[in-house]
Structure formats: structure tokens, C-alpha cells
Amino acid sequence: MRKITSYILNGQGLGMKFLAGLSVLMALIFAIVIRVQGAAYVPYAQEIADQMLPVKVVNGQIVEPLNTFKMAQIRIEGRDTPLALPLVLDTRVTNLDANLLPQGVYVTRTNIYTVNRNQVKVIKIEGDNYIPKGDYTDVFKSWLNWSAVIGIVILFVLYLILTMFYALCTQVIAKLARRDMAFDSRMRLSAVVLTAAYILFIPLGWLGFSSTLLFLAVMLGALIWFVVKYVPTGKPAAA
């Protein structure tokens, strides 16, 4: 405990090594889960690719297949009929009225529509491209492997934002506790508390204990309050 306290008060940096370590840990757990469970979905992804490909784009327009309507489907064991997916290729038209579409992804001759609840995004198809029909199993498996690398970067940015938020909360808590803490000390404290909380809740989650974001935020706030209030953190704040 003294080493941690000394690091928070007198250490160097902003706690980035804790955030990096937490990001790597969480990304590895995520990658293992994705690699194990995701492998079971690779055949389904290949099945969808077999249905939708080939696709050829010339000057920002799909020319193959032309005047075609396809809705992706997968065959699931135990079902008598294929399961329709919200992925549609409709090269009979160039535009769609996205307000009338249910959630899903829709591809026309010139646009890609993504509909998510009340949010609609339209991506214009550009340039020339050709995606042939073939075996993409290794490609899908490679995406699973790269998920760990991408996950590390995304998680690090997310944890950095959370750490800065809790550093701001720590400033408020320090004022209430009539103590002074420099910004770098608050960042180190937030990074340590955030890392400890996640490491604690990971095994609890495996044991079936589920926690909400609100509960986690309250626990983090309580830990920060305890450290600021009962561990010497500097000179008392001015009244």
C-alpha cells in the first residue's frame, strides 16, 4: 500500500503504464473470447460471402451483379428454413428511401445504407473495385486475430478518457476533503483505481456477479474518496 501511495503522490507520469497494462489485459481477454467463439461464426460469414459475391464496381457503380436483389441468409442447425439477415444487395435501384427501411445494411448500385434505429448513414460507392467469389475463411480468421491489436488501441483511448474524467472528479472530492492534489497525482490515482476496479470485477463477472456502469462508477468514486480522505495526499486545501 505504501508503494502505491508513494507512486500516486511522488511518482512520475500520468499512470499511462497502468492504462496500457489494463488495455492489453482486457484486449487479450476479448481476443481469446472472440477467437474461441468467433471461430464458430466463420462458416456463416463464408456462407454469406458465397451468396453476395462476386461484386464489381466501375466508376462508383455496381455493374455486377446488375438488376439483382439478394438478401443474405444462413442455415442454422435445428431450423427448417434459413434465417434471413438484415443485409440486402439491391442493384435494381440507385437510391432508397431510408426512412422506410428496417434496421440493417442495404447496398444499391451507387450507395450503401446503414440503418440503426433512428440513425441512417449513407455511404457513396466510389472508384473501381472487384471482389471475386472465393474462399475467404483465412481472411475472416485473420480479422479475428487482428481484433486484439485493434482492441488494445481502442481500449487505451477509452481508459484514458475515463481516467481524465475521474481525475476531474478527484479534484472535486479533494476540495470536499480539504486537500490539495496536483493534476499528475490525480491522474495516477485515477489510473490505479480504474485498473484495480476492472481487475477486481473481471473474476467477479466470471463467477456470475454482474455489475452496471452506475455501480462501477459509484465504486470508483468511493475508492477515490477513501484514498483522498484517509491517505496523506498533500497540504490541506485553503478554506
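Q: How many helices and strands does the protein have?
A: Helices (H or I, at least four residues) and strands (E, at least two) are DSSP runs, numbered from the N terminus. The protein has 6 helices and 8 strands. Along the sequence the pattern reads α-α-α-β-β-β-β-β-β-β-β-α-α-α. The model is predicted: local features need pLDDT of at least 70, side-chain atom pairs count only at pLDDT 80 or more, and totals for chains, interfaces and linings use all residues. Residues are numbered from 1 along each chain as its sequence is written, and side-chain values use heavy atoms, with hydrogens and water left out.

Q: What percentage of the residues count as buried?
A: Buried means under 20% relative accessible area, exposed over 50%, and partly exposed in between (1.4 Å probe, protein chains only). Here 34% of the 239 residues are buried. The protein exposes about 15,200 Å², with 65% supplied by carbon and sulfur atoms.

Q: Which residues form a salt bridge?
A: Side chains of opposite charge can pair when their charged atoms come close. The criterion is a side-chain nitrogen of Lys or Arg within 4 Å of a carboxyl oxygen of Asp or Glu. That rule gives 1 salt bridge. Asp90 pairs with Arg92, with 2.8 Å between the closest N and O atoms. Asp90 is buried at 8% relative accessible area. Arg92 is partly exposed at 48%.

Q: How much space lies in the largest pocket, and which residues lie nearest its centre?
A: The search runs on a 1 Å grid over the protein atoms alone. A pocket is an open set of points where a 1.4 Å probe fits, with protein on both sides within 12 Å along at least five of seven lines; lining residues have an atom within 4 Å of a point. Grid points are joined across faces, edges and corners, and a volume is the space filled by probe spheres set on the points. The largest pocket holds about 520 Å³. Its lining has 19 residues, and Met52, Leu53, Val55, Val107 and Ile131 lie nearest the centre. Elements giving two or more residues to this lining include β1 (55-58), β4 (83-90) and α4 (137-176). Helix α3 gives the most, with 4 residues.

Q: How do the lining residues divide into nonpolar, polar and charged?
A: Ala, Val, Leu, Ile, Met, Phe, Trp, Tyr, Cys and Pro count as nonpolar, Asp, Glu, Lys and Arg as charged, and the others, Gly among them, as polar. The lining has 18 nonpolar residues, 1 polar and no charged.

Q: Which residues is Leu14 in contact with, leaving aside its neighbours within four places in sequence?
A: Contact means heavy atoms within 4.5 Å. Leu14 touches Phe183, Asp184, Met187, Arg188 and Ala191 on that basis. Leu14 sits in the loop between α1 (2-10) and α2 (16-38). Its C-alpha is 5.2 Å from that of Arg188, 174 residues apart along the chain. Thr195, in helix α5 (residues 183-206), is in contact with Phe18, Leu19 and Leu22, again leaving aside neighbours within four places.

How values were computed
Areas by Shrake-Rupley, 256 points an atom, 1.4 Å probe, with all protein chains shown as cover.
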